[in-house]
Amino acid sequence: MIRKLDNIPVTITFDKVLKRLKIEDDEDIALISGLFETAKETAKPKVLYSEAYVEEISENNVKINGVCFESGVLVATLKNVHRVFAYVCTCGTEVDDWSHNEKDYVVSLWLDMIKEMFLHEANIFFREHIKNSYKLEKFSSVNPGSGNEDNWHISQQAQLFAMIGGVKNEIGVTLTESFLMIPTKSTSGLLFPSETEFVNCALCGREKCPGRRVEFDSKLYSQIFSG
């Protein structure tokens, strides 16, 4: 059964926005202040998720709720896991549609960063919801398309969306032909109980990634992909 969270509060302060955007010019601050207030009033972040069960794990495949995913990362991270939460989290189509009216390139980048902050807040809300609703203390997530291409290929977004069901109708998130999500400030993946937090970045060899949370773990990468 799918569940939708659409009552996610937007509590980000303007001080946090200024710190993230690193804006110092008084005119720019005045401009972004008004835009931020409109964005905050417009934004309706959402999460759609489904409780699912790991049914079978083979050498490089994991079957969840009858859907087969091919990924060495999933095999390694889910080998002792029985229940997962498949999800799509988004900043919301409302604020995304509104932001596309902006024609100035730099201001558009600022709005993208603000939408990213809304998405981050929605992700935190979702994790707290899972923690409180299912009495879980620690969990990790894996995400298709995150990190190196061989981790969990982005094309398997299609299987993930199909397994959750109703993503477009319920929260408005769609996939492009190259399996990117619209709105772009959206995330998808599997959340699962884990005593040790797994971070996709540990298996990503890309250098100078602005979103990196932990360093590349060559030992872990070799264990998963070299057997």
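## Helix α5

Helix α5 covers residues 105–134 and has 30 residues. From its first C-alpha to its last, α5 reaches 43 Å, close to the 44 Å expected at 1.5 Å a residue. That expected span is 1.5 Å times one less than the number of residues. Helices here are DSSP runs of H or I with at least four residues, strands are runs of E with at least two, and both are numbered from the N terminus.

This is a predicted model: local features need pLDDT of at least 70, side-chain atom pairs count only at pLDDT 80 or more, and totals for chains, interfaces and linings use all residues. Residues are numbered from 1 along each chain as its sequence is written, and side-chain values use heavy atoms, with hydrogens and water left out.

What happens at the start of α5? A side-chain oxygen of D104 reaches to within 3.0 Å of the backbone nitrogen of V106. Just after α5, K135 takes a positive phi of about 55°.

## The chain as a whole

The chain holds eight helices and nine strands. Of its 227 residues, 44% count as buried. Buried means under 20% relative accessible area, exposed means over 50%, and partly exposed lies in between (1.4 Å probe, protein chains only).

A contact means heavy atoms within 4.5 Å.

Two packed helices are described by the angle between their axes and the distance between the axes. Axes are lines fitted to C-alpha atoms, for helices over the stretch in contact, and angles run from 0 to 180 degrees between N-to-C directions. Angles under 35 degrees count as roughly parallel, over 145 as roughly antiparallel, 65 to 115 as roughly perpendicular, and the rest as oblique. A crossing is left-handed if the near helix is turned anticlockwise from the far one by less than a right angle, and right-handed if clockwise.

Start with α1 (residues 14–21) and α2 (residues 26–42). Their axes come within 11 Å and cross at roughly 125°. α1 and α2 are therefore oblique to each other, and their crossing is right-handed. On the α1 side, F14, V17, L18 and L21 take part; they meet I29, I32, S33 and F36 in α2.

## Where α5 joins in

α1 also packs against α5, at an angle of about 125° and with the axes 10 Å apart. This pair is therefore oblique, with a right-handed crossing. K16, V17, R20 and L21 of α1 make the contact with W110, M113, I114, E116 and M117 of α5.

α2 and α5 pack at an angle of about 45°, with their axes 11 Å apart. That makes α2 oblique to α5. The crossing of α2 and α5 is right-handed. From α2, the contact uses D28, L31, I32, L35, F36, A39 and K40. From α5, it uses V107, W110, L111, I114 and F118.

## Two buried residues

V10 is found in the loop between β1 (2–5) and α1. Is V10 buried or exposed? It is buried, with a relative accessible area of 16%. Leaving aside neighbours within four places in sequence, V10 is in contact with K40, A43, P45, F118 and E121. V10 and A43 are 33 residues apart along the chain, yet their C-alpha atoms are separated by 7.6 Å.

D96 belongs to helix α4 (residues 93–99). D96 is buried too, with a relative accessible area of 3%. Which residues does D96 contact, leaving aside its neighbours within four places in sequence? They are K115 and P183.

## Backbone exceptions

Most residues other than glycine have a negative phi, and most peptide bonds are trans. P183 lies in the loop between β8 (181–182) and β9 (186–193). A cis peptide bond joins I182 and P183, with omega about 0°.

K22 is not a glycine, but its phi is positive, near 55°. K22 sits in the loop between α1 and α2 and is exposed, with a relative accessible area of 70%. N65 is not a glycine either, and has a positive phi of about 50°. N65 is found in the loop between β3 (61–64) and β4 (67–70). With a relative accessible area of 35%, N65 is partly exposed.

Definitions and conventions. Polar contact = N/O pair within 3.5 Å; in protein donor to acceptor, adjacent residues only side chain to side chain.
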